[in-house]
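Here is a short briefing to read alongside the sequence and the coordinates. Take a look at the structure below, and then we can walk through it topic by topic.

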Amino acid sequence: MGVGLPPVRELPDIPVRAPRTAGAWLAILVIRPAWLWRREYLLGLVLVGAGAAGWWRLGLVGLGLPLVLLSSLAVPGTRALLGGWLAGGRLKRRWDRGCRFAGLTTSNDRIPRVLKIQRVPVGERLRVRMPRGSTVSELEAATEQLAADLRIRGVEVRREPSRADLASVLLRRRDPWESAGPVPWPWLERPQSRLWEPVPVGLDEVGDLVTLTLPGRNLLLGGEPEAGKSAAMTQLIAAAALDPWVTLVGLDAKRLELSLWQPCFDQVAFAKMDDAIALLESVISDMDSVYERMAAERLRKVPSYARLTVVVVDELRFYTAHPDRVAREHFNGLLIDLVARGRAAGFPVVAATQKPSADVVPTSLRDLFGYRWALRSNTRDASDTILGAGWASLGHSAATVPVGTRGVGLLLGEGQAEPVRCRSFYLSDGEVEGVAARGAELRRGVRRG
Ligand SMILES: Nc1ncnc2c1ncn2[C@@H]1O[C@H](COP(=O)(O)OP(=O)(O)OP(=O)(O)O)[C@@H](O)[C@H]1O
C-alpha cells in the first residue's frame, strides 16, 4: 500500500516509439515545446534586433527604436492584429496540452495539428489535420476531455467530407445569444420578393445566414409556449406576402397569429373543424387541378415560374388532436394528403405546434416535412418529435436551449447531415403591419394588371 502524498501529474505521458536517443529527447522535451512559443520569441527577436540596429546606426538614441515600434500598439488596428496573432499562439499551446492530456498523442509524439484558426461569435473554429496513425473519430471521442482541459463550454468535431484526415473543430466558449437583442429580418426593406429564392430565416452560431427554400418542401415548427414559433413562421409568411404571385391560405386556431396578415391571405379558417376541413378540401381540389395541368404538359414537378400556394397552419394540435374523432381523422387524412402531394405541385405547408408529441404530430405526418425546426422544448422527446427519433441522443436536442432564450432552436433540412442550431430573425408587430400592407398593395397591383 502506498504512503505519503498522492502523485502530482502536471505533465501527460509521452508515448515515444522513436529510439530513446539524446536527439529524440531533445526534440520531444525542448524543441517541440519551444516551437509553440515561436511567435513570442520572434516578437522578442524583432524588438532586440530593432534595438541593436538602432544603436548601431544612431548610437544611444537608437536604443529607443523598440519603444517606437511598441508605441504603434496605440493604433487599435495594430493592437488587434498583434493581439490576435499572439492569441493564436496561446490557443495552439492550450490545444497541444489538451490533446496530450486527452491521450491523442501518436506513438511518435504527434498531435492533431491546427492549420487554421477562425474567430467566430461562439469561440473559435479550427481546421485540424490528424497525424498519421490516428483518425478524426479519435478526436471526436475525446471532445469532453478536451473541453474540460481547455476550460470551455464544449468542443464539436466534424470530419471534412473530402478528406478523412481533416476536421473542422468548433471550440464553443460562449452562448452567442445570451444577451443579444432581436435581429431584424434582412428582407424587411425589400419592395417585393420571390418565394422561389432562399428566404433568410436566422443566423447560426457562427453568424452565418440560415435560409429556407419553401417550394418543394414543407416546414414543421415545434416548441414550448413563447419559444418563438410564430416569430420564426412570420418570416416565411412575410416572404410569401411580398411575392404577389403567391396565394396564402391559413388555419389559425387561436385567431391571433395570422390576424395581422389578414390583408394578404386569400382564406383563413379559425377554430372550427368544419371550416378547416372545407379549406383543406378546397386547397386539395386546386392542387389536383395543378397536377392535371402538369400531366397535360408532361411536367414531373412544378416549374419555377409557377404560382405557389402556401398553406399556414398555426396550432396544429387543435386540429390533429381534436376531441371530435371523426372530424379529427378526416382532417388528418386531408392534411397528410396535402403535405405528401403538395410539395411537387407548389403547395408547401408551414405548420407550427406548441405541444410536440406523437398524438399531435404522428410520425407518418412528421416524416413528410422536409424542414423541421425545433425551438426550445421542455423535453428531449418533444425535440425528437419534431426533428425525428434519435437526434437528442446524438446531442441535438432543443431541450438544451437555455430557458428564456427566445427564437433559438435546431433546424433540420432534408438531406442535411445534422440539425443546425440557429436563432430566427424577428419582425415586430409594426414591421409585420408594414410588410402586410406592402404585400396587399402588390396583390392589388397583380390582380388589376
Ligand atoms: N427570434 C427572436 N428574437 C428575439 N425575440 C424573440 C424571437 N422570437 C421570439 N421572441 C420573443 O418571444 C416572444 C414569444 O414569441 P412567439 O410568440 O413567436 O412564441 P410562440 O412560440 O409562437 O408562442 P406561443 O406558442 O405562445 O404562440 C415574442 O413576443 C418575442 O418577444
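By class, seven charged, six nonpolar and five polar residues make up the shell around the ligand. Please keep in mind that this is a predicted model. Of the 18 residues in that shell, those that come nearest to the ligand are Lys229, Ser230, Lys254, Gln354 and Ser424.

**Around the ligand**

- Which elements each supply at least two residues of the shell? Helix H7 (229-241) and strand E14 (420-424) both do.
- H7 gives the largest share of the shell, with three residues.
- A nitrogen atom of the ligand has a backbone N or O atom of Ser424 at 2.8 Å.
- A polar side-chain atom of Arg423 is 3.4 Å from a nitrogen atom of the ligand.
- On the side of the ligand's oxygen atoms, one of them lies 3.5 Å from a side-chain N or O atom of Glu257.
- On its own, the ligand has 630 Å² of accessible area, and the protein covers 79% of that.

**The annotated binding site**

- An unreviewed UniProt entry carries a "binding site" annotation that covers Gly223, Glu224, Pro225, Glu226, Ala227, Gly228, Lys229 and Ser230. Two residues of this annotated stretch, Lys229 and Ser230, are also among those that come nearest to the ligand.
- Gly223 sits in the loop between strand E7 (219-222) and H7. Its relative accessibility is 0%, so Gly223 counts as buried.
- Leaving out residues up to four places away in sequence, Gly223 touches Lys229, Thr353, Gln354, Pro356, Leu375, Arg376 and Ser377.
- Glu224 has its place in the loop between E7 and H7. Is Glu224 buried or exposed? It counts as buried, because its relative accessibility is 12% and the limit for buried is under 20%.
- Lys229 belongs to helix H7 and is buried, with a relative accessible area of 8%.
- Beyond four places in sequence, Lys229 touches Leu221, Gly222, Gly223, Glu224, Ala352, Thr353, Gln354 and Leu375.

**Backbone angles worth a look**

- Most residues other than glycine have a negative phi.
- Glu226 is not a glycine, yet its phi is positive, at about 70°.
- Arg298 is another non-glycine residue with a positive phi, here about 55°.
- Where is Arg298 found? Its place is the loop between helix H8 (273-296) and strand E10 (309-314).
- Arg298 counts as exposed because its relative accessibility is 77%, and exposed starts at over 50%.

- Gly370 lies in the loop between helix H11 (363-366) and strand E12 (371-375). At 6% relative accessibility, Gly370 is buried.
- Along the chain, Gly370 and Leu219 are 151 residues apart, while their C-alpha atoms are separated by 6.4 Å.
- Gly370 touches Arg217, Asn218, Leu412, Gly413 and Glu414, not counting residues up to four places away in sequence.

- Ile31 is part of helix H1 (residues 22-35).
- How does Ile31 come to count as partly exposed? Its relative accessibility is 48%, which lies in between the limits of 20% for buried and 50% for exposed.
- Ile31 and Arg343 are 312 residues apart in sequence, and their C-alpha atoms are 62 Å apart in space.

Notes:
Residues numbered from 1 in each chain as written. Predicted model: local features only at pLDDT ≥ 70, side-chain atom pairs only at ≥ 80, totals over all residues. Heavy atoms only, no water. Near = heavy atom within 4 Å. Polar contact = N/O pair within 3.5 Å; in protein donor to acceptor, adjacent residues only side chain to side chain. Areas by Shrake-Rupley, 256 points an atom, 1.4 Å probe, with all protein chains shown as cover. Helix = DSSP H or I, 4+ residues; strand = E, 2+ residues; numbered from the N terminus. Nonpolar A, V, L, I, M, F, W, Y, C, P; charged D, E, K, R; others polar. UniProt positions renumbered as here; feature names shortened; annotations may be inferred. Buried < 20%, exposed > 50% of the residue type's maximum accessible area, 1.4 Å probe, protein only. Contact = heavy atoms within 4.5 Å.
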